[in-house]
Amino acid sequence: MTTTEPLRTVDVPPHVADNPRLGQWISFPDDLSPDAVGVRIGKVELGQGIVTALAQVAADALALPVAQVRMLNAHTGLGPDEGLTAGSLSMVQAGPALRYVGAVVRDLVARVADDHPGASFVDVARTLDPATDLATWEPRTDQPPVRRVVGTDLPRLDLPDKVLGRPRYLADLRPAGLRYGRALRPPSFGATLVDVDAAKVEGLQLVRDGSFVGVVAATEAEADAALVRLREATTWDERDLLPDEHDLTTFLKAGPHDDIPVLDEPDAPAPTHTATYTRPFLAHASIAPSCGLARWSDDGTTVHVWSHSQGIHNLRAAIATSLGLDAAAVTVEHVENAGCYGHNAADDAAFDAVLLARSVPGTAVQVRWSRRDELAWGPLASAMVADLSATLAGGRVTGWRHDVWSQGHSSRPGYGGGTPGLLAGQHRADPDPSPAAGDPPPDRGGGTTRNAVPIYDVGPRSIAGHRLSASPLRTSAMRALGAYLNVFAIECFMDELAEQAGTDPVDFRLAHLADERARAVIERARDGSGWGTPLPDETGRGIGFARYKDRGAWCAVVAEVTVDHEVRVRRLTIAVDVGLAVSPDGVRNQIEGGATQATSWTTRERVRFDRRRVTSDDWETYPILRFSEAPLVDVHVIDRPDQPSLGAGEAAQGPTAAAIANAVHAALGVRVRDLPLTADAVVRAIEQAE
Amino acid sequence: MTTPFTVNGRDVTVDAQPDTPLLTVLREDLGLLGSRFGCGLGLCGACFVRLDGHVVPACDTPLWQAEGKDVVTVEGLSEPGHAHPVQQAILDRQAAQCGFCISGIVVNAATLLDEQPDADEEDVVAALDRNLCRCGVQRRIVDAVLAARSGAASS
Ligand code: FES
Ligand code: FES
């Protein structure tokens with residue numbers, strides 16, 4: 001035997017310390033093939049490929065071929081609590097945990113292997129005690145670390161089902177005796193249910209609790225028909241609560257605010273240049289409406305929930321809090337659905353199912369939202385406005401100020417010190433409190449002020465956020481949170497300053513930038529894009545760059561844009577550094593998708609509303625990017641195998657927005673500072689400039 | 001009220017209201033879950049099926065319209081257990097993220113390649129313009145469909 005070294009040269013990974021039982025991570029369900037190990041994580045598949053990437057990590061950690069690793073659904077009762085699947089943190093958090101768990105398992109197996117002559121690794125692993133405490137075990141191994149599938153392009157494990165049209169999504173579950181539920185949303189925000197005409201709903205299985213009302217039926221067709229009858233039978237008291245959609249800056253700046261001081265460095269010189277940048281409210285706009293499934297026990301004391309929530313443990317606590325139950329009475333199991341891109345209506349749909357299923361104990365009830373409800377009643381991403389000012393002296397920036405106004409970016413279940421945060425809870429007779437959305441704490445990147453501090457060397461900085469502490473519009477997390485607008489603002493402003501300084505925008509950035517990995521992605525995007533070479537008429541190139549959350553991936557984008565009757569993004573050249581790329585093609589796919597989606601946000605998306613309700617509630621009133629409008633995307637992954645892995649899903653949004661706007665300027669000579677960059681916005685900017 | 005039609009070559013008779021959306025009938029009465037519900041408004045393409053050779057949104061097609069007709073869903077594009085060349089190309093190129101849009105895209109693209117085996121990029125983009133993909137996988141999907149042309153022609 002060669003020398004053995006304690007593996008615990010670093011601390012136990014936090015997710016192992018929080019979930020120390022071996023059986024939470026490693027288990028062998030009955031339907032598992034005899035040569036496989038079941039690995040259960042707390043992170044969930046949202047379409048980003050994380051479960052496959054973590055299967056790669058687990059396979060190498062266990063020194064098994066990936067075919068012998070089976071990833072099991074996240075489950076509040078059986079698996080680890082790894083918090084939310086959000087913030088591009090899954091690989092950062094779950095990767096080290098799986099490596100550690102794998103090392104312990106290999107060590108445990110090696111120690112007892114002699115007692116099981118001829119048995120395979122998996123056979124021996126099956127004999128391990130699930131109660132083994134991983135956190136106190138001092139793992140030792142004389143086996144070298146294995147790197148077989150990490151860093152290679154393993155095809156996604158979930159895609160065959162999805163591409164071949166097999167049942168896989170939550171809406172495809174068909175437990176025995178399944179019934180179908182529909183919740184009737186109020187006609188407008190803040191509306192209260194006055195009356196349900198009993199004659200019109202005769203024969204329907206109705207559930208009513210205050211202003212929450214819904215139906216349960218034996219078939220989907222009956223549920224849909226019942227919902228139509230229910231809507232016609234209800235009378236509501238409605239009020240004008242919403243702000244003027246055409247003057248969101250006034251609304252956002254009016255307050256009341258919670259102020260978020262970030263930096264206030266002394267001795268800033270007087271500014272020489274100022275500009276204001278805005279974005280409207282945006283919708284997550286998942287391609288699938290949210291879905292929930294719940295079944296209460298026959299005696300009505302416990303409930304099992306199937307949900308595509310990003311945070312099943314928080315959802316479980318929220319359900320328990322809202323209903324006054326012990327958390328142990330609620331079990332939540334994750335089942336995949338379409339991409340959500342943040343906190344959409346997944347948790348709300350689950351709670352609808354819980355409330356409706358309570359009327360039929362022992363029977364599973366599936367609730368699927370309508371497209372209109374998904375776009376109108378899901379949490380929105382907040383509108384924002386940022387005022388920037390800077391001092392330019394001798395071609396260098398010597399002072400910088402950034403003030404940003406926004407609603408909060410998180411009202412996920414459990415926010416604000418334990419608020420359930422479930423839509424139906426606000427409508428029940430005994431409503432849950434519904435404080436305004438907050439933000440993740442600064443050490444998680446914040447929300448309103450995410451990426452508000454420029455990475456550049458710009459002299460004394462003064463950075464502050466101003467978050468509305470009350471609003472009739474429900475907002476929560478969407479990909480990149482405040483970073484989308486803050487990076488858009490900073491990177492457009494840098495372009496304006498470069499122009500004033502008479503310097504090329506790329507050179508201007510590099511002249512203010514010491515971070516080597518930042519410089520590398522900017523240079524790679526520049527070189528890959530043909531920067532500086534001639535372009536056709538009405539076409540321009542622009543650049544945008546950021547390091548996501550100041551601690552995540554580095555990403556630079558060069559956009560090539562033609563402006564004729566509208567803004568057409570022809571091509572995006574992107575360079576990204578995510579440290580070790582566990583799955584390089586997975587990183588490319590995430591960056592391509594993120595940048596394409598950001599192109600949609602940037603060029604056309606805006607939630608519309610009148611004084612009572614969201615009016616952009618279908619794909620005609622909330623148009624998203626189509627095939628004919630999708631840019632070519634060319635991604636360069638700078639692989640750094642010796643550096644920790646960083647998430648890729650949120651790196652490209654802000655840089656893409658800025659690159660497009662800067663390209664519009666290069667093409668037209670006009671600065672469009674209000675998103676989205678529609679033909680109207682371009683015309684307005686031209687008029688203002690004249 | 002019963003309605004006879006064929007699904008993926010099989011004769012079926014469904015007992016349902018004639019105005020029930022075909023998508024509901026496929027998913028709930030016939031257990032064909034591959035056609036996805038995305039909007040129910042005929043606007044996203046997640047539920048696309050072939051009705052007598054034409055690509056239509058099943059969510060916006062009442063059952064009575066299918067009477068006596070030939071419906072092909074994503075499940076019927078190839079022999080069970082086999083991938084259609086478009087599906088294989090999508091898997092080969094990992095041209096999907098959440099995958100929820102893919103069934104309808106596959107039905108649409110497969111129909112295009114049946115009718116026009118030498119469809120070029122412009123044709124593919126024009127055909128798929130009726131399908132929405134929120135994850136932003138459009139360019140990969142177009143490349144996959146183009147790569148599937150030779151396979152589709154020989155199938
Ligand atoms: S679900 Fe049929 S077109 Fe959207
Ligand atoms: S892959 Fe998610 S919508 Fe297309």
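## V614(A), a buried valine

V614(A) is buried, with a relative accessible area of 5%. Buried means under 20% relative accessible area, exposed means over 50%, and partly exposed lies in between (1.4 Å probe, protein chains only). V614(A) sits in the loop between α16 and β25 (632-637) of chain A. Helices (H or I, at least four residues) and strands (E, at least two) are DSSP runs, numbered from the N terminus.

What does V614(A) touch, leaving aside its neighbours within four places in sequence? It is in contact with F189(A), L375(A), A376(A), V607(A), R608(A) and F609(A). Contact means heavy atoms within 4.5 Å. H15(A) is 599 residues from V614(A) in sequence and 40 Å from it in space, C-alpha to C-alpha.

## About the model

This is a predicted model, in which local features need pLDDT of at least 70, side-chain atom pairs count only at pLDDT 80 or more, and totals for chains, interfaces and linings use all residues. Residues are numbered from 1 along each chain as its sequence is written, chains are lettered from A and ligands numbered from 1 in the order in which they are written, and side-chain values use heavy atoms, with hydrogens and water left out.

## Where chain A meets chain B

The contact takes 57 residues from chain A and 45 residues from chain B. About 4,300 Å² is buried between the two chains, and carbon and sulfur atoms give 56% of it. Buried area is the accessible area (1.4 Å probe) that two parts lose on being put together, summed over both. V163(A), I287(A) and F627(A) supply 21% of the area that chain A buries against chain B, more than any other three residues.

Four helices of chain A, namely α6 (159-163), α7 (220-233), α11 (371-377) and α16 (584-604), each supply at least two residues of the side that touches chain B. The largest share, 10 residues, comes from α16(A). By class, this side of chain A has 27 nonpolar, 13 polar and 17 charged residues. Ala, Val, Leu, Ile, Met, Phe, Trp, Tyr, Cys and Pro count as nonpolar, Asp, Glu, Lys and Arg as charged, and the others, Gly among them, as polar.

## Helix α1 of chain B

Helix α1 (residues 22-29) of chain B is largely enclosed by the rest of the structure, because 6 of its 8 residues are buried. Which residues of α1(B) are buried? They are L22(B), L23(B), T24(B), V25(B), L26(B) and R27(B). These residues pack against α7 of chain A, together with β1 (2-7), β2 (10-15), β3 (48-51), α2 (63-66) and β5 (70-72) of chain B.

R27(B) also forms a salt bridge with D172(A) (2.7 Å, N to O). A salt bridge is a side-chain nitrogen of Lys or Arg within 4 Å of a carboxyl oxygen of Asp or Glu. Between chain A and chain B the count is 6 salt bridges. Just after α1(B), G31(B) takes a positive phi of about 70°.

## Salt bridges within chain A

Over all chains the count comes to 50 salt bridges. One joins D352(A) and R185(A) at 2.8 Å, N to O. D352(A) is in helix α10 (residues 346-357), and R185(A) is in the loop between β6 (179-184) and β7 (192-196), 167 residues apart. Both are buried.

R368(A) pairs with E220(A), the closest N and O atoms being 3.1 Å apart. R368(A) lies in strand β17 (residues 364-368) and E220(A) in helix α7, so the pair ties together parts that are 148 residues apart in sequence. R368(A) and E220(A) are both buried.

## T234(A) and its strand

T234(A) is found in strand β10 (residues 234-237) of chain A. Is T234(A) buried or exposed? At 13% relative accessibility, T234(A) counts as buried. A polar contact of 3.0 Å joins the side chains of T234(A) and W236(A). Not counting residues up to four places away in sequence, T234(A) touches L184(A), L193(A), D195(A) and V196(A).

Technical notes: Polar contact = N/O pair within 3.5 Å; in protein donor to acceptor, adjacent residues only side chain to side chain.
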